[in-house]
Amino acid sequence: NAVCDDIRFKNELKLFKKHGFITIRLNINKDIQKKRIKKCYPDTFEKHWSNRNHQSETDLDDTLYSMFDYYIDTGDMSSDELEKEILCILYKNQFI
């Protein structure tokens, strides 16, 4: 089994689906996203934040949620809570 944690384009999504991958769409609030980027990249935050409108960050924005096997609205979930949610999906699909 394999995990790809960063599908950015429609053609990538279609390819993974074609090969039987389970796909999970994460939705994150912009304020929380900004906070997390600041935490991960304190020295280069502005560069990372300004890249959020790049095609590689937006190509899947208009993709129907039904194209994904699962959708998680992360809301204010902690990283641990999100991990548990994803592990449940993997367990349900007999990947673990």
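Select Phe16 to begin: with a relative accessible area of 19%, Phe16 is buried, because buried means under 20%. Keep in mind that this is a predicted model.

**Stop 1: around Phe16.** Colour residues 10–18. This is helix 1, and Phe16 sits in it. Which residues does Phe16 touch, not counting residues up to four places away in sequence? Select Cys4, Ile7 and Phe21 to see them. Now look at Cys4 again. Phe16 and Cys4 are 12 residues apart in sequence. In space they are 9.1 Å apart, C-alpha to C-alpha.

**Stop 2: a charged patch.** Next, select Asp76, Asp80, Glu81 and Glu83. These residues gather on the surface as a patch of negative charge. Pick out Asp80. Is Asp80 buried or exposed? Asp80 has a relative accessible area of 53%, so Asp80 counts as exposed; the cut-off for exposed is over 50%. Colour residues 79–92 to show helix 5, where Asp80 lies.

Stop 3: Leu87 has a relative accessible area of 35%, so Leu87 is partly exposed. Partly exposed covers the range between the buried and exposed cut-offs. With Leu87, they form a nonpolar patch on the surface. How much accessible area do the four have together? The value is about 410 Å².

**Look back.** Show Phe16, Asp80 and Leu87 at once. Phe16 is buried, Asp80 is exposed, and Leu87 is partly exposed.

Conventions. Residues numbered from 1 in each chain as written. Predicted model: local features only at pLDDT ≥ 70, side-chain atom pairs only at ≥ 80, totals over all residues. Heavy atoms only, no water. Patch = residues over 30% accessible without salt bridge, like charges linked within 9 Å, V, L, I, M, F, W, Y side chains within 5 Å. Areas by Shrake-Rupley, 256 points an atom, 1.4 Å probe, with all protein chains shown as cover. Salt bridge = Lys/Arg side-chain N within 4 Å of Asp/Glu carboxyl O. Lys, Arg positive; Asp, Glu negative; His and termini not counted. Charge placed at Lys NZ, Arg CZ, Asp CG, Glu CD. Helix = DSSP H or I, 4+ residues; strand = E, 2+ residues; numbered from the N terminus. Buried < 20%, exposed > 50% of the residue type's maximum accessible area, 1.4 Å probe, protein only. Contact = heavy atoms within 4.5 Å.
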